[in-house]
Amino acid sequence: MPDTSISPVPPLTSLADDEVLFRDSVYDFAVREVTPLVAEMDEHGAMAPELLPKLFDLGVMGIEVPESYGGANASFFHAVLAVEALSRVDPSVGVLVDVQNTLVINALLRWGSEAIHARYLPALTTTTIGAYALSEAGSGSDAFALTTRAAEDGDTFVLNGRKLWITNGNEADLFIVFATVNPSAGYRGITAFLVERGAGGFAVGKKEDKLGIRASSTCELLFEGCRVPRSQVLGEVGKGYKVAIETLNEGRIGIGAQMIGLAQGALDHTIRYVKERRQFGKAIADFQAVQHQVARAATDLEAARLLVYNAARLRDAGAPFLNEAAMCKLFSSEVAERIASLAVNLFGGYGFVKDYPVEKLYRDAKIGQIYEGTSNLQLETIAKQILG
Ligand SMILES: Cc1cc2nc3c(=O)[nH]c(=O)nc-3n(C[C@H](O)[C@H](O)[C@H](O)COP(=O)(O)OP(=O)(O)OC[C@H]3O[C@@H](n4cnc5c(N)ncnc54)[C@H](O)[C@@H]3O)c2cc1C
């Protein structure tokens with residue numbers, strides 16, 4: 001007999017009713033509205049503009065924003081569910097929503113003044129897309145070696161420099177830009193600024209032509225004497241490194257969600273295909289070798305999902321999650337690549353051509369091991385935690 005005096009701890013994968021409803025409604029939307037656009041958006045390397053207002057209407061662009069500012073007042077876990085559900089259909093749409101919620105809104109909620117909240121949060125939940133600009137040509141993994149300069153001039157800062165690889169650069173109207181107010185102070189000079197599209201001296205430059213997540217825009221940003229009022233500093237002057245570290249630690253869980261969504265999408269296609277495709281007089285799903293490959297993929301995915309969900313639950317509970325976030329991103333990006341690769345293999349020649357969906361997912365998977373900290377950098381974080 002079970003001991004009824006012990007209150008049961010829910011399983012890690014168990015979701016509350018509202019979470020199930022939310023996830024399913026986002027996935028239904030993705031199937032209905034995104035699926036017909038996926039191949040064309042990939043081919044043209046552009047997000048379909050008509051999708052953007054629909055994402056706002058769906059309520060996934062301001063998930064953690066309080067209701068008083070027009071948001072859904074939901075949890076970080078809800079953001080993870082949304083990114084996973086969208087990425088199951090298109091990881092490019094997944095990352096657009098991910099950057100909006102887990103980086104931009106997350107940073108604003110934590111570090112923004114009341115005036116900044118009132119100015120930007122209502123817009124971010126209804127029309128405005130955000131971008132997060134840390135990386136530069138010479139500073140990626142070593143992000144705080146950035147050289148974009150913010151020179152103080154009375155009550156403004158004058159920004160000069162270039163950012164590279166900025167997701168949502170094409171669609172965004174609000175940019176969180178990291179620049180240094182004092183290069184000799186090292187990371188203690190780094191400051192986060194809110195820059196609006198259209199600000200004088202600021203331009204969005206070249207859009208990258210990429211291997212994967214091609215519909216997600218990745219752009220250069222150019223600052224030439226761009227004046228930003230002091231009131232647009234996010235957090236404190238010289239505390240930009242904290243803004244960056246803290247948001248990226250959480251954002252990483254969002255990339256884990258993108259990767260498990262992608263892996264689930266690849267597995268969905270694979271399961272359907274191996275039951276349909278016949279060779280040697282039977283479905284290829286009847287071969288034990290194929291069954292075992294699919295079983296291993298499903299097991300990998302379950303493990304990755306547990307890591308992602310656990311990291312997100314820890315974050316929402318206010319418990320430490322640094323190690324878990326690094327582990328979930330490291331592992332889920334490897335799992336996504338493995339499962340997408342298996343999908344290509346099991347589709348045979350059809351897996352290698354663009355008429356079928358899995359070659360795209362194989363290309364899309366690669367980014368998970370690169371952005372928001374490469375796999376080597378995740379291993380560094382984990383090793384530091386474990387070895388001290
Ligand atoms: C599609 C895309 C979207 C992106 N979106 C954004 C965005 O929105 N905002 C933003 O700010 N940035 C963004 N980035 C930038 C991204 O975060 C960086 O590309 C990433 O951090 C790696 O930096 P890097 O490209 O300079 O590579 P590098 O840092 O030069 O790394 C090259 C290789 O060296 C390895 N390496 C480096 N240092 C170490 C070390 N100490 N130990 C072991 N190995 C090491 C890395 O693991 C990697 O394999 C994006 C990039 C891409 C491709």
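User: Where is glutamate 372 found in this structure?

Analyst: Glutamate 372 lies in the loop between helix H10 (358–365) and helix H11 (375–387). Helices (H or I, at least four residues) and strands (E, at least two) are DSSP runs, numbered from the N terminus. The model is predicted, so local features need pLDDT of at least 70 and side-chain atom pairs count only at pLDDT 80 or more, while totals for chains, interfaces and linings use all residues. Residues are numbered from 1 along each chain as its sequence is written, and side-chain values use heavy atoms, with hydrogens and water left out.

User: Why is glutamate 372 called buried?

Analyst: A residue is buried when its relative accessible area is under 20%, exposed when over 50%, and partly exposed in between (1.4 Å probe, protein chains only). Glutamate 372 has a relative accessibility of 14% and therefore counts as buried. Its phi is positive, about 55°, although this residue is not a glycine.

User: Which loop holds isoleucine 213, and what makes this residue buried?

Analyst: Isoleucine 213 sits in the loop between strand S6 (202–207) and strand S7 (218–229). Its relative accessibility is 3%, so it counts as buried. Isoleucine 213 also has a positive phi, of about 30°, without being a glycine.

User: Why is H1 called roughly parallel to H4?

Analyst: Helix H1 (residues 17–34) and helix H4 (residues 76–87) have axes that come within 8 Å and cross at roughly 30°. Angles under 35 degrees count as roughly parallel, over 145 as roughly antiparallel, 65 to 115 as roughly perpendicular and the rest as oblique, so H1 is roughly parallel to H4. Such axes are lines fitted to C-alpha atoms, for helices over the stretch in contact, and angles run from 0 to 180 degrees between N-to-C directions.

User: Which residues make the contact of H1 and H4?

Analyst: From H1 come Asp18, Glu19, Phe22, Arg23, Val26, Tyr27, Phe29 and Ala30, and from H4 come Phe77, His78, Leu81, Ala82, Ala85 and Leu86; contact means heavy atoms within 4.5 Å.

User: How do you know that alanine 85 is buried?

Analyst: Its relative accessible area is 5%, so alanine 85 is buried. This residue of helix H4 touches Arg23, Val26, Tyr27 and Ala30, not counting residues up to four places away in sequence. Alanine 85 and tyrosine 27 are 58 residues apart in sequence, yet their C-alpha atoms are 4.9 Å apart in space.

User: What angle and distance describe the packing of H4 and H7?

Analyst: Their axes are 7 Å apart, at an angle of about 35°. In this contact, Phe76, Val80, Val83, Glu84 and Ser87 of H4 meet Glu250, Ile253, Gly254, Ala257, Gln258, Ile260, Gly261 and Leu262 of H7.

User: What makes H7 and H8 roughly antiparallel?

Analyst: The axes of H7 and helix H8 (residues 288–316) cross at roughly 155° and come within 9 Å. H7 and H8 are therefore roughly antiparallel to each other. Among the H7 residues in this contact are Ile253, Ala257 and Ile260.

User: How many residues has the largest nonpolar core, and which have the most contacts inside it?

Analyst: The core has 119 residues, and Leu55, Leu108, Leu159, Ile176, Phe178, Phe193 and Ile253 have the most contacts inside it. Helix H7 (residues 240–276) supplies the largest share, 14 residues. A nonpolar core is a set of buried Ala, Val, Leu, Ile, Met, Phe, Trp, Tyr and Cys residues joined through side-chain atoms within 4.5 Å.
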